[in-house]
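Dear colleague,

I am handing over the structure below, and my notes on its pockets and on one of its helices follow.

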Amino acid sequence: MDETEFWEIIDSTREAAEGDPEDHADLLVERLVRLDPDSVLDFARHFEARYNRAYRWDLWGAAAVLLGGASDDAFDYFRCWLIAQGREVFEGAVHDPDSLAELLDDFDEELDGDGEDLGYAADEAYEQLTGVVAPDLGLPPQAAEPAGTPFGFDDDTALAERYPALWERFGPV
């Protein structure tokens with residue numbers, strides 16, 4: 001599976017789910033089980049590589065603005081959700097997290113930002129196809145610390161300065 005096919009699967013299942021992350025995860029599993037096990041593992045590698053690539057302090061700060069704070073787990077689930085938004089949104093956010101203000105049509109804190117189930121879709125599909133747990137993907141492990149320079153997410157003034165567009169559009173009222 002190449003990168004184009006990976007993103008096509010992400011996009012088509014997101015559109016069918018009308019943006020609902022739980023429905024998206026279910027549709028993603030349904031789509032992946034139509035593939036052979038090796039293709040599901042290829043999909044998982046593409047997903048995991050992007051998940052690890054998004055492990056960045058600046059992106060974590062953007063998640064904190066959108067979510068009203070972001071614990072370790074919340075940021076993990078946010079990265080899954082971000083991948084599920086498609087190539088344009090994902091690449092734009094990794095390049096410039098503040099650009100999420102322009103890239104996202106809207107953001108419902110109750111519905112958006114939590115893609116935990118999406119992160120397990122390939123594993124679930126692989127188990128359905130083979131009856132066994134997916135093997136190690138052979139990718140380097142996630143870095144011990146996010147890329148970039150750490151900073152505190154509890155300072156609203158600093159967040160507003162660092163992410164002016166996001167703060168204006170999605171920050172606390």
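What volume does the largest pocket have? The volume of the largest pocket is about 310 Å³, where a pocket is an open set of points on a 1 Å grid over the protein atoms alone, at which a 1.4 Å probe fits, with protein on both sides within 12 Å along at least five of seven lines, and lining residues have an atom within 4 Å of a point. Among the 16 residues lining the largest pocket, Phe47, Glu48, Gly119, Tyr120 and Asp123 are the closest to its centre. Two or more lining residues come from each of α3 (37-53), α5 and α8 (116-130), and α8 provides the largest share, seven residues.

This is a predicted model, in which local features need pLDDT of at least 70 and side-chain atom pairs count only at pLDDT 80 or more, while totals for chains, interfaces and linings use all residues. Residues are numbered from 1 along each chain as its sequence is written, and side-chain values use heavy atoms, with hydrogens and water left out.

The second largest pocket has a volume of about 260 Å³, and its lining includes Arg14, Glu15, Trp81, Gln85 and Asp112.

Trp81 also belongs to the buried residues of α5 (buried means under 20% relative accessible area, with a 1.4 Å probe and protein chains only), which include Phe75, Phe78 and Arg79 as well. Helix α5 has 13 residues (72-84), which at 1.5 Å a residue should span 18 Å, and this agrees with the 19 Å between its end C-alpha atoms. Just after α5, Gly86 adopts a positive phi of about 105°.

Best regards

Methods
Helices (H or I, at least four residues) and strands (E, at least two) are DSSP runs, numbered from the N terminus. The expected span of a helix is 1.5 Å times one less than its number of residues. Buried means under 20% relative accessible area, exposed over 50%, partly exposed in between (1.4 Å probe, protein chains only). Grid points are joined across faces, edges and corners, and a volume is the space filled by probe spheres set on the points.
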